[in-house]
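Colleague: I would like to learn how to read a sheet and a pocket in a model. Please take me through one case.

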Amino acid sequence: MRVGPGTVVTANVVAEDGDGEVVDDLYRRTPVKFVFADGRFPKGFMEALSGLSAGEEKRFTIGPDKAYGSYDPALVIRVSASELPHPPRSQGELYKLRNEAGEGKIYRVLGFTGDSVRLDGNHPLAGKSLTFSVKVLDVAWAGREREMLP
C-alpha cells in the first residue's frame with residue numbers, strides 16, 4: 001500500500017532548518033502515526049510523502065510557501081502585561097489571545113520592556129525552508145482507525 005488519501009502512516013521523521021540545525025527529532029526515536037493530510041504536517045510534507053510505501057526513506061526540502069508560510073512582521077505586537085491572563089514568566093511562553101471577532105490566536109513571548117510584552121503570532125518555523133528525513137514504517141487503510149487517532 002502507498003501513502004495517499006485515506007491512509008494512516010507510521011513514520012520516523014526528523015526536521016532541520018535551512019542551516020542544517022535539527023528543529024524536531026522527537027519522531028526519530030518514537031514513530032509518529034497520522035492520517036494522511038490531517039493537518040499535523042505541512043502541505044509540502046504530504047506532497048513529498050505521497051506514493052511512498054513501508055520501508056522507503058526520503059529526504060526532501062520544502063520552502064516556506066509549502067511549510068509554515070512567510071514570516072509576517074505585522075503579527076509581532078506589543079501589549080501591556082496586565083492585558084495577559086497571567087504575568088509572563090519567560091521568553092517563549094505561549095498565550096492564546098482573542099481578537100475583536102472572538103477568534104483565538106497563539107502568541108509566543110519574544111521579550112519584555114518595562115510593563116509591556118512583545119508577542120509574536122507567527123509559527124516558530126514561519127519563513128524557513130525545512131529539510132525532512134522520513135522513513136515510512138507502515139501504511140494502512142484509515143477506515144475506523146481514523147476515529148481512534150488523536
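Colleague: In which strand is S116 found?

Modeller: Strands (E, at least two residues) are DSSP runs, numbered from the N terminus. S116 belongs to strand 8, residues 116-120. This is a predicted model, where local features need pLDDT of at least 70, side-chain atom pairs count only at pLDDT 80 or more, and totals for chains, interfaces and linings use all residues. Residues are numbered from 1 along each chain as its sequence is written, and side-chain values use heavy atoms, with hydrogens and water left out.

Colleague: Which residues does S116 touch, not counting residues up to four places away in sequence?

Modeller: Contact means heavy atoms within 4.5 Å. On that basis S116 touches R78, V79, S80, A81 and G111. With R78 there is also a polar contact, side chain to side chain, at 3.5 Å. A polar contact is a pair of N or O atoms within 3.5 Å; within protein, one must be able to donate a hydrogen and the other to accept it, and residues adjacent in sequence count only if both atoms are side-chain atoms.

Colleague: How do I read the order of strands in the open sheet?

Modeller: Strands of a sheet pair through backbone hydrogen bonds, either parallel or antiparallel. Two strands count as paired if DSSP finds at least two bridges between them. Here 4 strands follow the order 5-8-7-6, with antiparallel pairing. Strand 5 (76-80) and strand 6 (94-98) are at the edges with a single partner strand each, so one side of each has no neighbour in the sheet.

Colleague: Which residues stand opposite each other across the strands?

Modeller: R78 stands opposite R118 in strand 8, and strands 5 and 8 pair over 5 bridges. V109 stands opposite L119 in strand 8. L94 has R108 in strand 7 as its bridge partner.

Colleague: What lies between the strands of each hairpin?

Modeller: Between strand 6 and strand 7 there are 5 residues, and G102 in the turn has a positive phi of about 85°. Between strand 7 and strand 8 there are 2 residues, and G114 in that turn has a positive phi of about 60°.

Colleague: Which classes of residue line the largest pocket?

Modeller: Ala, Val, Leu, Ile, Met, Phe, Trp, Tyr, Cys and Pro count as nonpolar, Asp, Glu, Lys and Arg as charged, and the others, Gly among them, as polar. The lining has 9 nonpolar, no polar and 2 charged residues. Among them are D24, R40 and F132. On a 1 Å grid over the protein atoms alone, a pocket is an open set of points where a 1.4 Å probe fits, with protein on both sides within 12 Å along at least five of seven lines; lining residues have an atom within 4 Å of a point.
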